[in-house]
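Open the model in your viewer and keep the selection tool ready. This tour goes residue by residue.

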Amino acid sequence: SHIDQTKCYNMIEIDRDVDGAHYVGQKELSLASNPLAPVTPNATIDLIDRYGVELVNKKVVVVGRSRIVGSPLAYMLRQRGSIVTTVHSQVSPDNLKSLVQSADVVVSCAGSPGLLDADWIQPHAEVISIGTTFCEEKGALVSDFSGDLDHCHRYSPVPGGIGPL
C-alpha cells in the first residue's frame, strides 16, 4: 500500500484517539495511563461488567488481533485476571475449533463471516460477538458465527450487541 499506516496513526492527537490507534495508545494500554481507552474494547469490558461475567481464572479466547480491537481487548482481559488466548488467521481450523470448544468466554472480533461454528460453543460459555461484515446478499450485518448461539449461557447479538454501547 502507498499509505504509511504508522505515520497516519501517529498524526492523531493522543487525547482524541478514541480507537487507541496511536503508537502511545498501543504501548500504554493501561486505562490509568491512556487518556482514552479504545472505544470498542472498552464497550466490551462495559458489557462484561454490566452482566457480571466472571473473568478471573477463566479461559478467554479472543478471535482477532487487530490493532484497535483484538489486541487491546486481549490486554484488558488479561489485566482482569483472565487466561487469554488470541487466535488469528494463521491458526489452523482444527486448532481454532479446539480452542473455542475449551473456552469459558469467546470474544469474536475477526470480521470474517462464518469463521466460527456455533456448535463449538459449550453450554456454560459466554459469547461476545464484535466482528461484523456487511453482506450484500442479505443486505445486513452478519456475525463471525454460523449457526444458532441460543444454547450457550449468554451471547451478544449481531447486530445489536457491542455497537449500540
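**Stop one: helix 3**

Select isoleucine 45, which sits in helix 3 (residues 39-50). Helices (H or I, at least four residues) and strands (E, at least two) are DSSP runs, numbered from the N terminus. This is a predicted model, where local features need pLDDT of at least 70, side-chain atom pairs count only at pLDDT 80 or more, and totals for chains, interfaces and linings use all residues. Residues are numbered from 1 along each chain as its sequence is written, and side-chain values use heavy atoms, with hydrogens and water left out.

Is isoleucine 45 buried or exposed? Its relative accessible area is 4%, so isoleucine 45 is buried (under 20% relative accessible area; 1.4 Å probe, protein chains only). Now show its contacts (heavy atoms within 4.5 Å). Beyond neighbours within four places in sequence, isoleucine 45 meets Leu73, Met76, Leu77 and Arg80. Next, draw a C-alpha to C-alpha distance to isoleucine 162: 9.9 Å in space, 117 residues apart in sequence.

**Stop two: a loop**

Move to isoleucine 130, in the loop between strand 5 (126-129) and strand 6 (132-135). Isoleucine 130 counts as buried because its relative accessibility is 14%. Setting aside residues up to four places away in sequence, isoleucine 130 touches Thr40, Thr44, Val69, Leu73, Val107, Ser108, Cys109 and Ile162. Its C-alpha lies 9.4 Å from that of proline 41, 89 residues away along the chain.

**Stop three: strand 3**

Finish on serine 108, in strand 3 (residues 105-108). Serine 108 is buried, at 0% relative accessible area. Outside four places in sequence, its contacts include Val63, Leu116, Ile130, Asp144 and Phe145.

Conventions. Buried < 20%, exposed > 50% of the residue type's maximum accessible area, 1.4 Å probe, protein only.
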